[in-house]
Amino acid sequence: VTLSTGVMAQRYVVGTNASFPPFEYVEDGEIVGFDIDLVKEIAELQGFEVEFRDISFDSLIPGLASGSLDIVAAGMTITEARKEVVAFSDPYYSANQSVLVHQDSEEDLTVLFGDNDIGVQTGTTGDTWVREKLMERDILTGDIRNYDSYVFVIRDLANENIDAAVLDKPVAETYSKNNPVKVVAELITGEEYGIAVSKNNSELQKEINEGLAKVIENGTMDELIEKYF
Ligand code: GLN
C-alpha cells in the first residue's frame with residue numbers, strides 16, 4: 001500500500017486547433033507540435049498537469065470565457081481586441097501573415113486584387129486582415145471563404161477551388177513542403193504569439209510566464225525551435 005502524502009497536481013484543459021503545423025497538428029492520431037511541447041514543458045516545470053482539446057479556432061476564446069478551457073495554446077496572436085476578453089502570457093514567437101497559392105499559379109501578390117476567392121481560417125488575424133484591408137476597401141471583389149480548419153483550406157487550394165489563402169507564414173511554409181502550394185508574398189503584420197488564459201486568472205497567467213521564462217533560460221526553447229523549424 002502506498003500512502004500518498006502530496007497534494008494532487010492541478011489539471012488544466014488546454015484548447016488548441018491542430019491544423020496549424022508545426023505549432024499544432026495531428027500525427028498518428030495524436031496532437032503534437034511546438035506549442036504542445038512548450039505547454040507540456042511549462043506544466044512539468046510548474047508542477048501542473050495538462051490535457052489537450054482540438055477544437056475550431058474561433059471556439060477557443062469562448063471556451064476560456066465559459067470555463068470549458070483553462071489555457072489556449074494555438075499560435076494565437078496577441079491583439080488588443082483579444083486582450084479585452086482574455087489574458088496573454090509574454091510573447092513566445094513572432095510571425096507575419098503570408099499569401100499562399102497553388103504551385104502552378106502565375107499570380108503573386110496580385111492574387112489579392114480583383115475577382116479572386118481567398119481562403120482563411122475563421123476568427124484568425126488572417127481572416128481579419130483580408131476583411132479589413134481588402135474587402136472593406138473593395139480591393140478584393142471576389143469572395144472570402146471561411147474554414148474551420150486549415151486542412152480544408154489547403155485541400156481546396158490544392159484542388160484549385162480557391163485562388164489563394166492568407167495565413168501565418170511559418171504555417172504556410174510548413175504546408176508548402178508536402179502540398180502543391182507555394183508562398184508568394186509576406187505581409188508584414190508583426191504578430192507575436194502568446195498563451196492565453198481567462199481574463200480573471202492572473203494566477204495561472206503568472207504561473208505560465210514563470211514557466212516560459214524558465215524554458216527560455218534553460219535552453220528548451222532553442223531545442224524546440226531546432227526540432228520544429
Ligand atoms: N496567429 C493567427 C491568429 O492568432 C492564427 C492562429 C491559428 O490559426 N491557429 O489569429
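This is a predicted model: local features need pLDDT of at least 70, side-chain atom pairs count only at pLDDT 80 or more; totals for chains, interfaces and linings use all residues.
The protein chain is divided into two domains, of which domain 1 is made of residues 11-92 together with 194-228, while domain 2 covers residues 95-191. The ligand lies between these two domains, because both of them give residues to the shell around it.

**Overall fold**

- The protein chain has 8 helices and 13 strands, and its radius of gyration is 19 Å, close to the 17 Å that the globule rule gives for 229 residues, so the chain is as compact as a globular protein of that length.
- Taken along the principal axes, the C-alpha atoms of the protein chain fill a box of roughly 70 × 35 × 30 Å.
- Of the 229 residues in the protein chain, 41% count as buried.
- When contacts between residues at least 6 apart in sequence are considered, 76% of them join residues that are at least 24 apart.
- An unreviewed UniProt entry places the feature "domain: Solute-binding protein family 3/N-terminal" at residues 11-229, a span that is 36% helix and 30% strand and whose end C-alpha atoms lie 30 Å apart.

**The two domains**

- The centres of domain 1 and domain 2, taken over C-alpha atoms, are separated by 25 Å.
- Where the domains meet, 10 residues of domain 1 are in contact with 14 residues of domain 2, and the side of domain 1 that touches domain 2 is made up of 4 nonpolar, 5 polar and 1 charged residues.

**The ligand shell**

- The residues around the ligand are Asn17, Phe20, Phe57, Ala74, Gly75, Met76, Thr77, Gln121, Thr124, Thr125, Asp168 and Glu191.

**Glycine 15 and its surroundings**

- Glycine 15 is found in strand S1, which runs over residues 11-16, and it counts as buried because 25 other C-beta atoms lie within 10 Å.
- Not counting residues up to four places away in sequence, glycine 15 touches Arg53, Ile55, Leu60, Gly63, Leu69, Val72 and Ala74; of these, Ala74 is also listed among the residues around the ligand.
- Glycine 15 and serine 56 are 41 residues apart along the chain, yet their C-alpha atoms are separated by 9.2 Å.

**Backbone details in loops**

- A cis peptide bond, with omega of about 5°, joins proline 21 and proline 22, and proline 22 is found in the loop between strand S2 (19-20) and strand S3 (24-27).
- Aspartate 138 has a positive phi of about 55° although it is not a glycine; this residue lies in the loop between helix H4 (125-135) and strand S10 (144-147), and it counts as exposed, with 7 C-beta neighbours inside 10 Å.
- Glutamate 160 is not a glycine either, but has a positive phi of about 60°; its place is in the loop between helix H5 (150-158) and strand S11 (164-168), and glutamate 160 is exposed, with 12 other C-beta atoms within 10 Å.

Key. Residues are numbered from 1 along each chain as its sequence is written. A residue is near a molecule or strand if its C-beta atom, placed from the backbone, lies within 6 Å of it. Domain bounds come from an automatic or database domain assignment. UniProt positions are given in the numbering used here, feature names are shortened, and annotations may be inferred rather than shown by experiment. Helices (H or I, at least four residues) and strands (E, at least two) are DSSP runs, numbered from the N terminus. The radius of gyration is taken over C-alpha atoms; the globule rule is 2.2 Å times the number of residues to the power 0.38. A residue is buried if 20 or more other C-beta atoms lie within 10 Å of its own, exposed if 12 or fewer, and partly exposed in between; C-beta atoms are placed from the backbone. Two residues are in contact if their C-beta atoms, placed from the backbone, lie within 7 Å. Ala, Val, Leu, Ile, Met, Phe, Trp, Tyr, Cys and Pro count as nonpolar, Asp, Glu, Lys and Arg as charged, and the others, Gly among them, as polar.
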